[in-house]
Amino acid sequence: MTDTHRSPVRRGLECLFVKSACHGRADVVGRGVLGRVAYARGGQPPTLHEGAPRLTVHMAGDNTEPFTEIWVTDRPVRAGVEGSLVYAEDGDHIFCAVRIDERGVYQDAVQSAYEQAFALLSRLGYTELFRMWNLVGAITGDNAEGMENYRDFCVGRARAFDKWPGRIPAATGIGSLSPGIDLYFLATRAGVPRHLENPNQTPAYKYPKQYGPKSPSFARATHLPAADGSTGTVYVSGTASIVGDDTVHHDDIAAQVDATLANIEALISPGNLREHGVEGGYGLKDLDSIKVYVRDEHDLPLVRARCAEVFPDHADIAYLNVDVCRPDLLVEIEGIAG
C-alpha cells in the first residue's frame, strides 16, 4: 500500500460527529474513512458502505438526536471483510466492527468475537489495541441463567484477554436500546500506547468479586504518543461516579455528574500523565468527541447544562439516553483529549 495521496500536513486519525440530517462536513471531504458508527433509532450489522465499514447501533431515542461517528485519516484506506468482522486499515491504524445477535447467554459468543478480532489485528500487524466500545442490549437485565448481561459479557471478554498477548486498553461498556451486542475496536502498529489508571479509582480489572465472576477488562484511558513530540492523544474510557470501586452519590444526578467530571479531570491531568511516563497534560476544556450517556430522560436538561459549562464550545458532544453498566449509575462520559 502506498501513500502517494497523503496530505502534506498529516492530521492522523481523527474522530468527527456528523448529524444524520447532514450530508457531510468540510473536514471529512477528501480524507480516508476508516469507519462509521451510526448512533441511530434502529440497528444493523456492520457492512462495507462506500468503501468503509459502517455499523448502525440502536442508541438514539425520542429525546436524543441521531448522529454518525466518523473515523477519518489522511492516508489511503483499504477495507475488507473477514468472517463476521468488517474492517479498514490505513497502515497506521485499523478499525473493525462485529455484531453479536441476541441469545440467552453471551459469554461464549463474546469470547469468540473478541478472539476473531484479535486474530485479525495480529495477522495484519496491528498489535496495539487502544480503544474498544461494547454496546450491550439490556445491559443490567438478566440472561437466561439469571446473570446480569454485563457480567455475562465481562466473562467472555476476560477469557479472550487471557489469551491476548497485548495489554488491556481504554473501553466503554454501555447499554443499547435493542437486544444483542455491538462491538468496535481501534488498534495501531505505530508507537507504544500507555494505558492509564485514575489515582482515585480502583483499576476495573482489579474489581472484587461482588461486581461479577470476572472483572471488567479495560483501562481508564489510553495515551497514544504524537510523532511531533507533543503530548499526543488521550482516549478517555466511559467514566462514571465511582471512587475506589464504589458508586458514590446514589440518586443524585448533579453530584454524579460532578464526580464523573472530577474523575476525568484527575485522569488526564499533567500530574497523572507524568505518573504514567507522559509529559504534558490536559483539562476538561481540551476534550472533544464527547459522548454523554444519561440513564433517566428527566436528567438530560441538567446534564446538558453542566456539560455546557465545562466543555469547550467547539467540541463535538452527543447525548444518549441509555442504561449505564450499574443500576445505580446515572451518567457516564467519554471523550478524546489531544
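Is C96 buried or exposed? I looked this up before anything else, keeping in mind that I'm working with a predicted model. C96 turns out to be buried, and its relative accessible area is 0%.

**Cysteines**

Next I went looking for disulfides. As a reminder to myself, a disulfide is a covalent bond joining the sulfur atoms of two cysteines. I found zero disulfides in the structure.

The cut-off I used is that the two sulfurs must be within 2.5 Å.

**Salt bridges**

How many salt bridges does the whole structure have? My search came back with 18. I wrote down a few pairs.

I started with R31 and D74. They form a salt bridge, and their closest N and O atoms are 3.0 Å apart. This pair ties together distant parts of the chain, 43 residues apart. R31 lies in the loop between β1 (14-19) and β2 (32-40), while D74 lies in the loop between β5 (67-73) and β6 (78-82). I looked up the burial of both partners: R31 is buried at 10% relative accessible area, and D74 is buried at 8%.

Then I turned to D182 and R99. This salt bridge has its closest N and O atoms 3.0 Å apart. D182 is buried, with a relative accessible area of 3%. R99 counts as partly exposed, at 24%.

My next pair was K163 and E115. Their side chains meet in a salt bridge at 3.3 Å, N to O. Which parts of the chain does this pair link? K163 is in the loop between α2 (149-162) and β10 (170-176), and E115 is in helix α1 (residues 107-124), 48 residues apart. K163 counts as exposed, with 59% relative accessibility. E115 is partly exposed at 27%.

**A network**

Last entry: which residues are linked in a network of salt bridges? I noted E69, R131, K291 and E334.

Methods. Residues numbered from 1 in each chain as written. Predicted model: local features only at pLDDT ≥ 70, side-chain atom pairs only at ≥ 80, totals over all residues. Heavy atoms only, no water. Buried < 20%, exposed > 50% of the residue type's maximum accessible area, 1.4 Å probe, protein only. Salt bridge = Lys/Arg side-chain N within 4 Å of Asp/Glu carboxyl O. Helix = DSSP H or I, 4+ residues; strand = E, 2+ residues; numbered from the N terminus.
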